[in-house]
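Please keep the structure in view while reading.

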Amino acid sequence: MDNTGLPELIPCLDVKDTQFDGVVVVTDSVTKLSGVNDNLECLKAPLEKYNQVDLAFGKDVTLIDTDVIPSRRLIFSPTGPLNRDYDDVRRFADAGKKGIQRAMQAGCKCPLLVRPIDSSFPKAGSVTTLAALQAVYVPLEIREDLPAKSSKISKLGVWCNDLKRVAQGIDLANGLEKGRIMTRDIGGSDPERMAAPRVEEYVTSMFRNTAVKVTVHADAGQFQQEYPLLSAVNRAANKVDRHRGRLIFLEYEGEGKVEKTLFLVGKGITYDTGGADIKAGGVMAGMHRDKCGAATVAGFFKTLSELKPKGLRVVGALCMVRNSVGSECYVADEIITSRAGVRVRVGNTDAEGRMVMADVLCHCKEMALDATNPELFTIATLTGHAIRAMGPTYSIIMDNGPARQLNTARSMQEVGDVWGDPFEVSTIRREDFEFHTGKSEYEDVLQANNIPSSATPRGHQTPSAFLIMSSGLDKHGVDSKQPLPYSHLDIAGSSGPFPGVPTGSPLVAMAAKYILPRL
């Protein structure tokens, strides 16, 4: 086990293996413990016997004492029905998480996870394993401050009937989970532990001696000249050494000829006070989680460094800035000229996320013009409207014209459904551009209105139009000589609950679309 708290994943062919101190079965029916899963036949009888005396069996997690396995702990975690219109692979994720949590409550340190092979969902096994790993995650601050609690379990067995196949699956799970751990570490840690300079330290340490190149910009003068919108948000925080902003670029290039280039820009607001338009009335708590977009970008690079896909180049940017309030904070009505030469009138300082990303997106646009098959993305916990519109568990993706021609959003939704990391697709409409068009001759673009996004019609769609307009991407639509595919991801809902632990979404879906096909 390393300092991430990730348990050792061990492939297992025999449920009676003595190194495991509990067996967790995740399925919808005990009948699947026979046939192709003949090694599991011994588990069937005690479960069927228990079913005769407990009418609640199959409705919730059950722990049975039985001598058919050395540990005597047999835990059955039912998925529930899998065949209804609305059932999806997340049934396995839910059951896998509950089953491992029950095993830990029983005192297990080396549980064996059993997902009987069936034809329900093609990635059910991987989804179950990833859910179990989510359950055993230990927050970074606990790992650092309380070493005795740095891990919840030491080993996690994964049952299989094909050792070679499961070994490949374990390598994949390790690569994905190490990325999600990095995402949770940055996204979930408090605003001092993951203040911008300490994000720099953490990221630099994590990518030392890997295939990922790290470049850090910290100079306020450079921000003012090259990233003026980001600089405005950073003004107040720049007066406090430990809160000064960082722009962290990451770069990965796999073996072989580059066939695809990705540019990922992540919102990394280390704490969001709202700025001059301060978050009043008790709504500021939890705003340390406003960096989950940048955290996702960092985690994606961790997965890149572990799995090493070929033919893929990825450039990432973590826009790590604290939206502080004070005598130097930017205010509504300021007019700031963006890197793209667009005059932006500030409408609300609590719309800082789009500000820190816009000039960096412009920089990536400039690089994309000379790149091989480029696609650009912004990833952010951007709007409360995203949660109001789609609920608290879904990422949202929306394409510009060239990305729509590539079918980016729909294909991301499809792969997300397969891997239990779901997306909803929204559309960028003409009204979104009209909303952000300057309202007077002073400005070209209005940054935001002055009411919450959750109360604004099309509140999660309009920011994508602002990002397109302020970065100059509107000059690279389907009608241009150099169209550039761009998609905006709002992960305000899917990034995870507060209080609670970040999910690491949508890293798995992104990796499934862009990394796994190149292994």
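## Packing of H13 against H16

At roughly what angle do the axes of helix H13 and H16 cross? In this predicted model, the axes of H13 (residues 408-419) and H16 cross at roughly 110 degrees and come within 9 Å. An angle of 65 to 115 degrees counts as roughly perpendicular, and therefore H13 is roughly perpendicular to H16. The crossing of these two helices is right-handed.

On the H13 side, the contact is made by Thr408, Ser411, Met412, Val415, Gly416 and Trp419. H16 contributes Val508, Ala509, Met510, Ala512, Lys513 and Tyr514. Sorted by class, the contact of H13 with H16 has 8 nonpolar, 3 polar and 1 charged residues.

## Packing of H5 against H16

Helix H16 (residues 507-514) also packs with helix H5 (residues 163-188): their axes come within 10 Å and cross at roughly 140 degrees. H5 is therefore oblique to H16. The crossing of H5 and H16 is right-handed.

Leu176, Gly179, Arg180 and Thr183 of H5 meet Leu507, Val508 and Ala511 of H16 in this contact. By class, the contact has 4 nonpolar, 2 polar and 1 charged residues. Val508 of H16 takes part in the contact with H5 and in the contact with H13.

## The second largest pocket

The second largest pocket holds about 750 Å³ of space. It is lined by 31 residues, of which Lys97, Gln134, Arg180, Thr503 and Ser505 are the closest to its centre. Arg180 is also one of the H5 residues in the contact with H16.

Which elements each supply at least two residues of this lining? They are helix H2 (90-105), helix H3 (124-135) and H16. H2 gives the most, with 6 residues. The lining of the second largest pocket divides into 14 nonpolar, 11 polar and 6 charged residues.

## The largest pocket

The largest pocket has a volume of about 1100 Å³. Among the 42 residues that line the largest pocket, Lys279, Met287, Leu382, Thr383 and Gly384 are the closest to its centre.

Strand S9 (260-272), helix H10 (352-368), helix H11 (384-390) and helix H15 (462-471) are the elements that give two or more residues to this lining. H10 gives the most, with 3 residues. By class, the lining of the largest pocket comprises 17 nonpolar, 16 polar and 9 charged residues.

Notes. Residues are numbered from 1 along each chain as its sequence is written. This is a predicted model: local features need pLDDT of at least 70, side-chain atom pairs count only at pLDDT 80 or more; totals for chains, interfaces and linings use all residues. Side-chain values use heavy atoms; hydrogens and water are left out. Axes are lines fitted to C-alpha atoms, for helices over the stretch in contact, and angles run from 0 to 180 degrees between N-to-C directions. Helices (H or I, at least four residues) and strands (E, at least two) are DSSP runs, numbered from the N terminus. Angles under 35 degrees count as roughly parallel, over 145 as roughly antiparallel, 65 to 115 as roughly perpendicular and the rest as oblique. A crossing is left-handed if the near helix is turned anticlockwise from the far one by less than a right angle, and right-handed if clockwise. Contact means heavy atoms within 4.5 Å. Ala, Val, Leu, Ile, Met, Phe, Trp, Tyr, Cys and Pro count as nonpolar, Asp, Glu, Lys and Arg as charged, and the others, Gly among them, as polar. On a 1 Å grid over the protein atoms alone, a cavity is a set of points where a 1.4 Å probe fits but cannot get out, and a pocket is an open set with protein on both sides within 12 Å along at least five of seven lines; lining residues have an atom within 4 Å of a point. Grid points are joined across faces, edges and corners, and a volume is the space filled by probe spheres set on the points.
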